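The sequence and the structure come first.

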Amino acid sequence: MEAIVEEPVAAKIYPQLEETPEFREAIDSRSKTIEDVLESLKKGTVLWKVRSLSNWYRRKYILDHRNGTLRYEPSHKAPCYRINSEIVIDDIVEVRKGWKTDTFNKIERTVRKKNMKSPDRKHVIDEAACFSVIHGRSKQSLDLVAPNAEVADLWVQGLGHLITVLDGLQQEERFERWLKQRFQEADLDGNGSLNFDECLILLKQLNAKLPRDTVKRLFHIANINTNSRNDEQVLDAEEFVIFYMNLMSRSEIKELFTRYSKNDKEMNAQELCHFIQTEQHCKDFTVEQCNTLIETFEDSKLKVVGKVSFIGFTSILMSKQFEIFNLSHTVVYQDMTNPLPHYYIASSHNTYLTGNQLRGESSVEGYIDALKRGCRCVELDCWDGPDGDPIVYHGYTLTTKILFRDVLVDAIKPYAFYASEYPVILSLENHCSERQQEVLAKHFCDVLGDMLYTEPVSEDMLFLPSPEALKKKIIVKAKKEAPAEKDSESESEEEQEAIKVALNMKSYNQQTKVVAEGLSSLVNICQAVHFHSFEEAKVSGKCHQMSSFSETKAEDLIEKSAKDFVMYNARQLSRIYPSGKRTGSSNYKPTPLWNVGCQIVALNYQSSRRPIFLNESKFKQNGGCGYVLKPKFLCGNGDYDPDAVIKHRPSAQLKLTIISGQHIPKANQDLEGEVVDPYVTVKIIGHPADEQKLKTDIIRNNGFNPRWNEEMNFSLKVPELAMVHFIVKDSSTTGKDATLGMYALPFSSMQQGYRHIYLVDYMGSLVSPATLFVHVSIK
């Protein structure tokens, strides 16, 4: 695809790119190895950063492999300011080829709107020469134009390779890389070494406050190459890793290692298998599997004779297989053949917004981000747009506008099944005129084509299809054209009563906007209808009809008719959305809605607070596919009463021992400030009768390796609904205790035994390399 640009822009931009001499040597990326590609990027290439059709910035971009950044150098016309002049490779989320961002969409749209009156003055910019680097938590886009498609391919291939490599690093490799990055930051003069005093400063930044004599002794032990600088001993990066690991003594793991091995130097496969079967509750674990673990995690010569050292044993305990989250739940493990209403569905509200509800920016990035995070229901607020093309934005506010078609082309079609193959529901808020509704329908069909689920609803349908039956399908959820009137004389009394209900619904619909025939024909198993009462829904509601409730309306229904709400949700879908008063894009508590079986609990995904954190923690199970099977008692036998259930159910007993912490950071992962005083709070979130909170004592001046060894006991009446939330805080005597890291998971996904917990922030990003070490026992 190509964009046609008027000569004043193209003459200044594109011809100059073509004449740049730096790319004349082998630029065909197809003939290069990945090593060649990376070497080319290390030398750097001239690219144009674009912000709009008229704002282009010529800069030389370089892959700085030493510092792990993508940076640019200034031109003589555009001096480089240090701020925002580089992007850390770890922060790059994605590299996109072509016009796949808001910036490029706006450029394309601006060009299309211009009437090209003078064909002789037209130039072309090739879409294949354009690419975007998506980075940071806010998913910012760095939009670039290369001199040709081959150079763009070099950057897309090279950066894509680095992202893949970083994603595949084991925790141990990530930790070592993290340590070396801290080392480089502390090496202010860039000589590749740190003396003893410089190491002390870095240790304080890393929250380690240890006796000076102990640190000095281990410093000398780590200096294996006897390096010196100005007659004083120094450590290089590799030696600093050894030094830090020696400081980070894991005596709590050493006790386990000694208990299960015949000596404290090595453990054979049979002894390792005994430990895993006994302590980790993996009864079917075999010696052969233990040999595989040894082969993977042991780095010394012991590997050859099938034995593991204490360091290798520690690496095994810190591996993904022995995290607290059940490894088998990281893939789809639930039955996916039940009707759609029997599942919780990860859902987003006002998905297009990246900020607040009044002045925030509307962006295709909102949809891409949500879909990549496993969201299965996204919202489109559609309004009449200029030139007969519908737009998406938050009506009657100052939020920016994007084209409906751009959402489908750049987000829905390429990313709908990026994270999951199970169906995506497009929740349409239709504010368009009848004419532009037909344009909506045309865009749906032209862009999505066979991806759309278009099967008509049969009159005798009793249950909705299953997620399995709807794989790779996109469902349109919207209001449908009101049913036509029938001649009631030929109908039975029952049929006449049903017609009265239908006519009432028609009367209601006629008070609102007419639904165009083309759009109405795309609506089938998610037909939006107005909710009147649970009684009416029970008598005349169809399984393919669904209603939306504001959070306040839903909370009122739970308070007055919780059991009826459960029965309704067993057969029909319900969608809950935030109150209009939440202009800052905050969220309500999703747990009470999940407790009564509401499936589409829509949240503002751009928020970074607790509700979104709990939502993502809940949907991490079942392979993160965006569908979680509800407990059987929420799927329709009619016996479950949320208010009375406590009297009849036995309790599950959870015993947690918070043993220790490792590398607990300062607040916001700052390097400056005092060493933290950490403590751990554990909360049970779920049925109101199960909600409880316990916390450990405070460990003073130690975020490096705090040791608690404190036991907590919880009794759960409805464990199927329970989530366990760990929060690490810094005790403060002068203000609010700062949150340092957290983790949450469904109770049903907890593994028993000795487990590590990798702490994250509210956005789910790793607070690397911070961990908790715990013991879990469930009866």
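## Terms and basis

A residue is called buried under 20% relative accessible area, exposed over 50%, and partly exposed in between, with a 1.4 Å probe and protein chains only. The model is predicted: local features need pLDDT of at least 70, side-chain atom pairs count only at pLDDT 80 or more, and totals for chains, interfaces and linings use all residues. Residues are numbered from 1 along each chain as its sequence is written, and side-chain values use heavy atoms, with hydrogens and water left out.

## Phe531 and Phe549

Phe531 has 12% relative accessibility and therefore counts as buried. Phe549 also counts as buried, because its relative accessibility is 2%.

A pair of aromatic rings is described by the distance of the centres and the angle of the planes. Rings of Phe, Tyr and Trp (its six-membered ring) pair if their centres lie within 6.5 Å; planes under 30 degrees apart are stacked, over 60 edge-to-face, and the rest tilted. Phe531 and Phe549 make an edge-to-face pair, with 5.0 Å from centre to centre and 65 degrees between the planes. Phe531 is in the loop between β21 (523-528) and α18 (534-540), while Phe549 is in strand β22 (residues 545-550), so their pair ties together parts 18 residues apart in sequence. Helices (H or I, at least four residues) and strands (E, at least two) are DSSP runs, numbered from the N terminus.

## Other aromatic pairs

In total, the structure holds 32 aromatic pairs. One of them joins Phe404 and Phe444: the ring centres are 5.2 Å apart and the planes stand at 85 degrees, so this pair is edge-to-face. It links distant parts of the chain, 40 residues apart, with Phe404 in helix α14 (residues 404-415) and Phe444 in helix α15 (residues 434-448). Both Phe404 and Phe444 are buried.

Elsewhere, ring pairs connect Phe183, Phe196, Phe219, Phe240, Phe243, Tyr244 and Phe704 into a cluster.

## Charges over rings

A charge sits over a ring if NZ of Lys or CZ of Arg is within 6 Å of the ring centre and within 35 degrees of the ring normal. The charged end of Arg250 sits over the ring of Phe773, at 5.3 Å from the centre. For Lys401, the ring is that of Tyr393, and the charged end sits over it at 4.4 Å from the centre.

Ser363 belongs to the loop between β15 (343-348) and α13 (364-372). With 3% relative accessibility, Ser363 counts as buried. Neighbours within four places in sequence aside, Ser363 is in contact (heavy atoms within 4.5 Å) with Asp102, Tyr352, Thr354 and Ile402.

His687 is placed in the loop between β27 (678-685) and β28 (692-695), and at 6% relative accessibility it counts as buried. The side chain of His687 reaches the backbone oxygen of Pro642 at 2.9 Å. His687 and Pro592 are 7.7 Å apart in space, C-alpha to C-alpha, and 95 residues apart in sequence.

## Positive phi in two loops

Most residues other than glycine have a negative phi. Ser585 has a positive phi, near 65 degrees, and is not a glycine. Ser585 lies in the loop between β23 (574-577) and α20 (591-595) and counts as buried at 3% relative accessibility.

Asn701, likewise not a glycine, has a positive phi of about 55 degrees. Asn701 is in the loop between β28 and β29 (707-716), and at 33% relative accessibility Asn701 counts as partly exposed.

Methods
A polar contact is a pair of N or O atoms within 3.5 Å; within protein, one must be able to donate a hydrogen and the other to accept it, and residues adjacent in sequence count only if both atoms are side-chain atoms.
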